[in-house]
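Dear colleague,

I am passing on the structure that we talked about, and my notes on it follow below. Please read them with the structure open beside you.

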Amino acid sequence: MSKVNFVNTMSIKELRTFLPLVGSELTPIIQSEPGCGKTSLLSMMAEDNGDKWRKVGDYYEDDTYDYIYVDCPVKDMQDIGMVIPNHESKTLQYYVSDLFKLDSPKPKIILLDEFMKSPKLLQVIFTRLMLERMVGDAPLTKGSIVFGTSNNASDGVGDNMLAHAGNRVCIVRMAKPSVNEWLEWASANGVSRVIRAWVTMFPRSLASYIDGNQEDNPYIFKPNMSSLSFVSPRSLAKCDVIVKNRDVLGENSTMCGLAGTIGHSAAGDMSAFLSLEKSLADVKDIIKKPDTIEVPTDISAQLMIMFQAVDSLETQDELSKFMVFVERLPSSEVQAVFFTMMMRNPKSIRLARNNQKIATWATNNHELF
C-alpha cells in the first residue's frame, strides 16, 4: 500500500472549499500567525455563495445565509445570552442574543474569531455551539456552518484551548500566502503597484518564522519580537492608504505611517520604490509608442509598469501593443510576472486568454512555468 505524502497546512484557497463541505457537521478551528487573512474567510464564503454580505453590519434579505461574526476575546456571557425568569411558569428560560439572528429562518455561517482567546467560561458555552449547533438551548437552522480562527500556540499571543475540547473539533493550520497568491489577491483588490512591486522584489517579506532560518529576516512576525509592527498580508493591505496619499501626507508622515504599519525595515526599503514610481512612463504613453519608448533598466521599475498594465489594459488592441513593449524587456522573469498576473486576475483573464500575442509568448516561454 502506497504512502500518501501531504503537507500539514492548507492554503486559504483550499479552506474556501473545505469549510462549506465539512462545516455543518464538523467545526474547523483555523490557526495561523497574525495577519494572514483567516478572518477574511467569512466574506470569501459569502462571495463563493453568490451572497452580497461582505462585512459586519451588512444584511441582505435575498442572501442565502446569515453571516455572523463573533469577536470572541471581547465577548462576555451577557453578549451571548442570559437566563430570564418566566413569572407565568415560575421557571428560568435562556434568552439568546440577537447576534445569532435566531429569528431568521436562514441557515447561519458563524465565525468564532480568535476563539482560543475567549474567556474559559465562554469556551464552555461555545463548545455546545461547535458540537451540537446549539446556542444555549436553541438550535441553529439545519445546514448552518460554524468555524473558528486562532493564532498558533507557538506565536505566544495567548491562545489556549480546554484540553478535552480539542478532540471535538478539527484544528487546521493555514499557510501564509505565497508571493504569487498574495499578488493575485492584491491585484484583484486594487492594492498599489508600488506595494506589489516591493513584495515581488522582497519575497522574504511573506516568509514565516515557522519555515525556519528566518532569524535575520527583518520584516516578518516572530514570537517575542520587540516591535509591534511587521509585514503581513494584512499590514501590506493596510498601508495601501498611506502609499496612495503620500503626496498630500509628505515624506515624513508617509515614512512614519509606513513604519508604524509594516515596520521600520520594510518602510525604509519601500521608500526607494515610492521615489522611483514618479519617474516612470505611464502605460497609456507606452501603448502609443511601445517599440521606441525607453525601457527602464531597474527591475523594480519594470515590475511597477507591469502591475499598472494589469490594472489598466481594457482592449485587445491595447494589450497587443503593450506586449510589443513587454517583449523588449531583457528579463523573461519580469515578463512572466506580467503573464501570470494577467492570467490570474479575474478582471483581465478573459482579455489575456483571447490575445494572440499572449498565446505566442506562452508557447515560446513554457519552460518558465
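How many residues apart in helix 14 are Asp317 and Lys321? They are 4 residues apart in helix 14 (residues 316–326), which means that about one helical turn separates them; helices here are DSSP runs (H or I, at least four residues) and strands are E runs of at least two, both numbered from the N terminus.

Please keep in mind that this is a predicted model, in which local features need pLDDT of at least 70 and side-chain atom pairs count only at pLDDT 80 or more, while totals for chains, interfaces and linings use all residues. Residues are numbered from 1 along each chain as its sequence is written, and side-chain values use heavy atoms, with hydrogens and water left out.

Asp317 and Lys321 form a salt bridge, with their closest N and O atoms 3.2 Å apart, where the term stands for a side-chain nitrogen of Lys or Arg within 4 Å of a carboxyl oxygen of Asp or Glu. Asp317 is partly exposed at 45% relative accessible area, and Lys321 is partly exposed at 34% (buried is under 20%, exposed over 50%, partly exposed in between, with a 1.4 Å probe and protein chains only).

The whole structure holds 17 salt bridges, and one of them joins Glu277 to Arg246, with the closest N and O atoms 2.1 Å apart. Because Glu277 lies in helix 11 (residues 264–277) and Arg246 in helix 9 (residues 246–249), this pair ties together parts that are 31 residues apart in sequence. Glu277 is buried at 14%, and Arg246 is buried at 14%.

Best wishes
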